[in-house]
Amino acid sequence: MTVFSVKYSRGSFIFPSAQPAPHRSFTEEVTVLNGFFGKLATGGRAYVMGDPMVPNRKWHVYFASNESIFPPPRMVTLEMCMTGLNSESASVFFKKDDGHNAKQMTKLSGISDILPEMEICDFEFDPCGYSMNGIHGQALSTIHVTPEDGFSYASYEVMGFNPGAVEYNALVERVLRCFKPAEFSVAITVFGGHKWADSWGRSAAVDGYASRSHVEQEIPGGGFMMYQCYSSCPNYYSCPKAVKVAAPLPKQIMHCWEEVEESEMCCAVEKKGFTFGEAR
């Protein structure tokens with residue numbers, strides 16, 4: 001079979017020094033991905049998006065496509081990363097002696113109500129933690145939860161759904177009700193043209209949270225990305241409760257093509273396929 005397109009994305013690691021190869025740096029990840037997909041029509045493109053004031057809250061994306069062979073599909077992907085989970089919400093994802101299992105976690109947390117039509121395959125970890133995959137027609141979703149206090153984290157991803165039938169704010173708020181995080185980010189990837197994208201995801205007002213940054217970036221094949229960060233703390237940058245736990249970025253960021261000074265991260269530039277998006 002011929003590869004149509006590939007996208008790899010992640011936020012900033014909470015414990016970057018604990019990651020095994022090839023995840024010790026984004027440069028290393030890009031090098032491995034280029035070994036498989038760098039020869040596609042667009043070549044491998046790597047992007048780092050985020051707010052320069054919060055260097056440990058970045059969104060990393062690698063994308064490659066054979067756009068010259070196939071037209072890009074019409075699709076929206078939404079990815080959420082949540083930290084500082086509410087302790088009561090997080091407690092649902094701990095195993096208990098009464099036989100508390102994944103099915104109960106799915107129902108008690110409200111995960112089953114995010115997109116009720118989804119058929120869910122869920123799994124609980126011992127002594128705590130949770131994972132699920134959901135499917136409905138062409139739509140796919142997945143959730144992973146690490147509930148331990150001090151570094152609690154949850155992620156949600158959904159793709160292949162009909163954005164005309166799913167209202168953005170309502171979907172995000174249903175996810176947030178399951179975990180009640182102190183902070184979260186949303187990354188939206190849209191294929192199919194900007195006019196189609198304008199009606200979904202840009203006007204994001206979430207009750208109880210303030211928007212801290214908003215970054216937009218075009219990608220090959222007619223794609224478009226938005227990355228937004230939110231916090232429940234009104235004084236985010238000075239608040240001791242704000243979760244900024246990852247180690248600082250180095251003075252220089254090495255990647256596959258050239259060296260980029262940290263100061264250049266504040267500029268929206270594209271250099272040989274590596275782009276640093278500016279928050280606004």
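A: One term before the overall picture: contact means heavy atoms within 4.5 Å. With that, residues 24 or more positions apart account for 63% of the contacts in the protein chain that have a separation of 6 or more.

Q: What kind of model is it, and how are residues numbered?
A: This is a predicted model, where local features need pLDDT of at least 70 and side-chain atom pairs count only at pLDDT 80 or more, while totals for chains, interfaces and linings use all residues. Residues are numbered from 1 along each chain as its sequence is written, and side-chain values use heavy atoms, with hydrogens and water left out.

Q: How many helices and strands?
A: The protein chain has 5 helices and 15 strands. These are DSSP runs numbered from the N terminus, with helices being H or I of at least four residues and strands E of at least two.

Q: And what share of the chain is buried?
A: Of its 280 residues, 48% count as buried. Buried means under 20% relative accessible area, exposed over 50%, and partly exposed in between, using a 1.4 Å probe and protein chains only.

Q: Take L78. What is it in contact with?
A: Leaving aside neighbours within four places in sequence, L78 is in contact with Y156, E157, V158, Y168, L171, V172, V186, A187 and W200.

Q: How many cavities?
A: There are 2 cavities of 30 Å³ or more. On a 1 Å grid over the protein atoms alone, a cavity is a set of points where a 1.4 Å probe fits but cannot get out, and lining residues have an atom within 4 Å of a point. Grid points are joined across faces, edges and corners, and a volume is the space filled by probe spheres set on the points.

Q: What lines the largest cavity?
A: About 40 Å³ of space lies in that cavity, and its lining is I111, I114, L115, M118, I120, M132, S141, I143 and Y156. By class, 8 of these are nonpolar, 1 is polar and none is charged. Ala, Val, Leu, Ile, Met, Phe, Trp, Tyr, Cys and Pro count as nonpolar, Asp, Glu, Lys and Arg as charged, and the others, Gly among them, as polar.

Q: Switching to rings. How many aromatic pairs?
A: The count is 9. Rings of Phe, Tyr and Trp (its six-membered ring) pair if their centres lie within 6.5 Å; planes under 30 degrees apart count as stacked, over 60 as edge-to-face and the rest as tilted.

Q: Why is the pair F93 and F179 put in its class?
A: The ring centres of F93 and F179 are 5.9 Å apart and the planes are at 25°, so the pair is stacked. F93 is in the loop between helix 2 (87-91) and helix 3 (102-109) and F179 is in helix 4, 86 residues apart.

Q: Are those two buried or exposed?
A: F93 is buried at 0% relative accessibility, and F179 is buried at 1%. Ring pairs also link F93, Y130 and F179 into a cluster.

Q: And F123 with F125?
A: Their centres are 4.9 Å apart with planes at 80°, so that pair is edge-to-face. F123 is partly exposed at 46%, as is F125 at 38%.

Q: Where is G129, and what does it contact?
A: G129 lies in the loop between strand 5 (119-124) and strand 6. Apart from neighbours within four places in sequence, G129 is in contact with F93, M105, F123, E124, V145 and P147.

Q: Last topic, the backbone. Which peptide bonds are cis?
A: The bond from A21 to P22 is cis, with omega near 5°, and a cis bond also joins D126 and P127, with omega about 10°. P22 is in the loop between strand 1 (5-10) and helix 1 (26-37), while P127 is in the loop between strand 5 and strand 6.

Q: What about K180?
A: K180 is not a glycine but has a positive phi of about 45°. K180 lies in the loop between helix 4 and strand 9. Most residues other than glycine have a negative phi, and most peptide bonds are trans.

Key. On a 1 Å grid over the protein atoms alone, a cavity is a set of points where a 1.4 Å probe fits but cannot get out, and a pocket is an open set with protein on both sides within 12 Å along at least five of seven lines; lining residues have an atom within 4 Å of a point.
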